[in-house]
Each structure stands twice: as C-alpha cells, then as structure tokens.
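Student: I would like to go through the charged side chains of this protein with you. Could we look at it together?
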Amino acid sequence: MIVVERTFTVEISPTAAIAYLTDFGNTQEWDRAAQHTVRNGTGPLQPGATWRQACRIFGITTELTWTLIEATGERLVFHGRNEGATCTDTVLVRPAPGGTEVTYRVELEMHGLAKLAAPVMKIEFEKLGTESAAGLSQALNRLSAPAWRPSAIPPPAPA
C-alpha cells in the first residue's frame with residue numbers, strides 16, 4: 001500500500017476549510033492529477049455522496065468513483081475505486097494560530113497486475129502529494145482573501 005501524507009497551515013477557519021473540502025469536485029482546482037470531477041446526483045454533501053473523477057498519471061487517464069464515507073466538523077474520509085486501484089483520502093482540520101492546520105492523507109492500494117507498478121507509483125504519489133499540498137494551500141488561502149471590488153483601487157493621482 002502507498003501512503004502519502006502532508007500537513008500544512010492555511011489562513012481560513014476550520015469551518016470554511018471543511019466546507020470547501022467536503023465538495024470533492026473542488027479537487028480539480030488544486031490536484032494536478034485530477035482532470036475532471038463531476039458529482040453524481042444532487043442534494044446535501046453528506047456521507048453517501050459520490051463523484052466521478054478522471055485522473056491522469058504517467059500520461060494514462062483513468063476514472064475513479066469517489067464516495068464521501070465520513071464527514072464531521074474536523075474529519076472527512078473519501079473512498080475512490082476503479083478496477084486497478086482503491087484509494088482512501090482522509091482530511092483532518094484543526095484550529096491553528098491564524099487559521100487552520102490541514103492534514104491530507106492518501107492511501108492507495110493497487111490491484112492485480114497494477115501492483116507491479118507500486119514502487120514507481122510511490123515516487124509519483126510523493127511528488128503529487130507535495131504539489132497537491134501546495135495547490136490546496138493556495139486554493140484555501142484564496143478563500144480568505146477579500147473579494148475584489150472596484151472601490152479597493154485607489155483613484156489616480158492628479159496630473
């Protein structure tokens with residue numbers, strides 16, 4: 001099994017971080033491997049909600065079905081599966097000085113012949129983990145930025 005975990009701090013509240021992260025469709029904003037993520041169905045984002053996600057790794061596109069398994073005020077668990085792999089993403093958020101500490105953990109188990117690629121996949125997932133943590137940190141911090149408004153631009157200096 002491949003396990004990759006990253007912890008970082010962002011400038012938004014734990015509540016805002018969980019609200020953003022509960023929608024797995026947001027992964028395409030910050031995860032380089034996620035090409036397209038679409039929610040199946042409608043209704044509240046709660047355990048049982050599912051998404052279809054196309055991922056591209058090593059130039060190969062594959063599709064996984066993701067299910068939100070657990071959602072609390074500080075923990076989310078998503079389970080993804082296709083014929084070649086099973087993946088569990090666990091997100092923990094905790095209050096931290098100035099914002100929130102986020103821990104994102106990915107556990108990937110390869111199936112069948114795909115298991116032979118596990119050593120190479122571990123290297124790629126470590127790289128993706130670092131890139132995704134940076135992308136997620138940026139995406140979450142953008143949520144804390146005040147919305148742009150024309151009145152925020154100072155008037156031009158007199159000529």
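Student: Is Glu107 buried, exposed or partly exposed?

Tutor: Glu107 counts as partly exposed, with a relative accessibility of 23%. Here buried means under 20% relative accessible area, exposed means over 50%, and partly exposed lies in between (1.4 Å probe, protein chains only). Please note that this is a predicted model, in which local features need pLDDT of at least 70 and side-chain atom pairs count only at pLDDT 80 or more, while totals for chains, interfaces and linings use all residues. Residues are numbered from 1 along each chain as its sequence is written, and side-chain values use heavy atoms, with hydrogens and water left out.

Student: Which residue forms a salt bridge with Glu107?

Tutor: Arg105 does, and the closest N and O atoms are 2.8 Å apart. A salt bridge is a side-chain nitrogen of Lys or Arg within 4 Å of a carboxyl oxygen of Asp or Glu. By this rule there are five salt bridges.

Student: Which residues are linked with Arg105 in a network?

Tutor: Salt bridges link Arg105 with Glu5 and Glu107 in a network. The side chains of Glu5 and Arg105 meet at 3.0 Å, N to O. Glu5 lies in strand β1 (residues 2–10) and Arg105 in strand β7 (residues 99–110), so this pair ties together parts that are 100 residues apart in sequence. Strands are DSSP runs (E, at least two residues) and helices are DSSP runs (H or I, at least four residues), numbered from the N terminus.

Student: How exposed are Glu5 and Arg105?

Tutor: Glu5 is partly exposed at 38% relative accessibility, and Arg105 is partly exposed at 27%.

Student: Now the strands. How many bridges join β1 to β7?

Tutor: Nine bridges join them, and the two strands run antiparallel. Two strands pair if DSSP finds at least two bridges between them. In β7, Glu107 stands opposite Val3 and is also the bridge partner of Thr88.

Student: What about β6 and β7?

Tutor: Strand β6 (residues 85–96) runs antiparallel to β7, and twelve bridges join them. The two form a hairpin with two residues between them, and Gly98 in the turn has a positive phi of about 80°.

Student: Back to charges: which residue does Glu131 pair with in a salt bridge?

Tutor: Glu131 pairs with Arg32, the closest N and O atoms being 2.5 Å apart. Glu131 lies in helix α3 (residues 118–144) and Arg32 in the loop between α2 (27–30) and β2 (34–40), so the pair ties together parts that are 99 residues apart in sequence. Glu131 is partly exposed at 31% relative accessibility, and Arg32 is partly exposed with 42%.
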